[in-house]
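Please keep the sequence and the model in view while reading.

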Amino acid sequence: MTVTTISPKNTDKKLEPESQPKLEVIAEIHPEPEQGKVIPLEEFLVKPADRMEWVDGNLVEKTGMTFKHGLAQVNLATSWKTYKNSSGQRGEVVTEVLCRTSKQGRRPDVAYITPELLPESGNFTAFSQSFPLIAEVASPEDSGEELFAKAQEYLESGCLEVWLLFPEARLIFVNAGQRWLLFNADEVVNTQTVLAGFSVAVSELLA
C-alpha cells in the first residue's frame with residue numbers, strides 16, 4: 001500500500017492556473033507475513049493459526065495437498081471412525097488437529113484419540129502430546145526422509161503407532177515402535193497396537 005500526500009507550493013498566495021500540486025510519496029507499507037514468523041511454542045499452542053505448524057520456532061503452513069491426498073485423508077478418517085463406532089472402542093478420530101510433540105507443534109493429517117486420553121471438557125486447542133494413532137499422507141512436495149523423520153518424532157512423543165500413506169505409489173508404511181511394515185496396493189493393511197482389529201484393503205484407501 002502506498003500513502004501519498006499533496007502539498008501546495010505556496011499556501012500564502014492564490015495558486016496560479018499553471019501551478020500544479022507537489023506530490024510527496026511516503027514509504028510503502030507492507031503487512032508482515034505470518035509464515036516464517038518466529039514466536040514461542042507456548043504462545044502458538046494457546047492461539048494457533050489455522051493450517052499452521054510450529055517448526056523450529058517458525059510458523060509453517062501445510063501446503064501441497066492434491067485431490068489424491070485429500071481423498072486418502074478422508075478415506076482413512078472415515079474408515080477409522082466407522083470401525084471405532086462398530087467395534088465399540090469409543091474415542092475420537094480427528095483431522096489436522098494440533099498436537100505438541102517433544103520438539104514441535106504438529107497437525108497430523110488423521111489421528112485417533114483413545115477414550116482414556118480424551119479431556120473431560122471434551123474440547124482443546126492443542127493436544128498435550130502426540131496422538132496414540134497418527135497417519136500422514138504424502139503430498140508431491142513432501143520428501144520421504146522428512147515424513148519418516150516426522151513419524152519418528154511422533155513415536156518419541158507418546159504416539160504408539162504411525163501410518164505413512166503414499167497415494168501416488170499406492171504404498172502404506174506402518175510403525176508401532178519397533179520396525180516399519182510395508183503394505184502394497186494388492187494387500188490388506190491393519191493396525192498393530194491401537195484401534196485393535198482394524199483392517200482395510202490398501203486399494204480402498206488409495207484408490
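The model is predicted, so local features need pLDDT of at least 70 and side-chain atom pairs count only at pLDDT 80 or more, while totals for chains, interfaces and linings use all residues. Residues are numbered from 1 along each chain as its sequence is written, and side-chain values use heavy atoms, with hydrogens and water left out. Helices (H or I, at least four residues) and strands (E, at least two) are DSSP runs, numbered from the N terminus. A residue is called buried under 20% relative accessible area, exposed over 50%, and partly exposed in between (1.4 Å probe, protein chains only).

**Salt bridges**

- Side chains of opposite charge can pair when their charged atoms come close.
- The structure holds three salt bridges, each defined as a side-chain nitrogen of Lys or Arg within 4 Å of a carboxyl oxygen of Asp or Glu.
- One of them joins the side chains of Glu168 and Lys68, with an N to O distance of 3.6 Å. Glu168 lies in the loop between strand E10 (161-166) and strand E11 (171-175) and Lys68 in helix H2, so this pair ties together parts that are 100 residues apart in sequence.
- Glu168 counts as exposed because its relative accessibility is 58%, whereas Lys68, at 37%, counts as partly exposed.
- Another salt bridge is formed by the side chains of Glu153 and Arg106, at 3.0 Å from N to O. This pair links distant parts of the chain, since Glu153 is in helix H3 and Arg106 in strand E7 (residues 105-106), 47 residues apart.
- Both Glu153 and Arg106 are buried.
- The side chains of Glu136 and Lys150 also meet in a salt bridge, at 3.9 Å from N to O. Here, too, distant parts of the chain are linked: Glu136 belongs to strand E9 (residues 133-137) and Lys150 to helix H3, 14 residues apart.
- Glu136 is buried because its relative accessible area is 3%, and Lys150 is buried with a value of 13%.

**Charged surface**

- Glu141, Asp142, Glu145 and Glu146 form a negative surface patch.
- Patches are made of residues with over 30% relative accessible area and no salt bridge, where like charges are joined within 9 Å and nonpolar side chains (Val, Leu, Ile, Met, Phe, Trp, Tyr) within 5 Å.
- Asp and Glu count as negative and Lys and Arg as positive, while His and the chain ends are not counted.
- Glu146, a member of this patch, lies in helix H3 (residues 144-155). With a relative accessible area of 52%, Glu146 is exposed.

- His69 has its place in helix H2 and counts as buried because its relative accessibility is 2%. The C-alpha atoms of His69 and Ser139 are 6.1 Å apart in space, although the two residues are 70 residues apart in sequence.
- Leu59 lies in strand E4 (residues 58-61) and counts as buried at 3% relative accessibility.
- Ser87 is found in helix H2 (residues 67-87) and is partly exposed, with a relative accessible area of 30%. The C-alpha atom of Ser87 is 9.0 Å from that of Phe198, a residue 111 residues apart from Ser87 along the chain.
- The side chain of Ser87 also reaches the backbone oxygen of Lys84 at 3.4 Å.

**Positive phi angles**

- Arg90 is not a glycine, yet it has a positive phi of about 60°. Arg90 is located in the loop between H2 and strand E5 (92-94), and it counts as exposed because its relative accessibility is 55%.
- Leu195, likewise a residue other than glycine, has a positive phi near 55°. Leu195 is found in the loop between strand E13 (188-190) and strand E14 (199-201), where it counts as buried at 3% relative accessibility.

Methods: A polar contact is a pair of N or O atoms within 3.5 Å; within protein, one must be able to donate a hydrogen and the other to accept it, and residues adjacent in sequence count only if both atoms are side-chain atoms. Accessible areas come from the Shrake-Rupley method with a 1.4 Å probe; for residues, only the protein chains shown count as cover. The place of a charge is taken as NZ of Lys, CZ of Arg, CG of Asp or CD of Glu.
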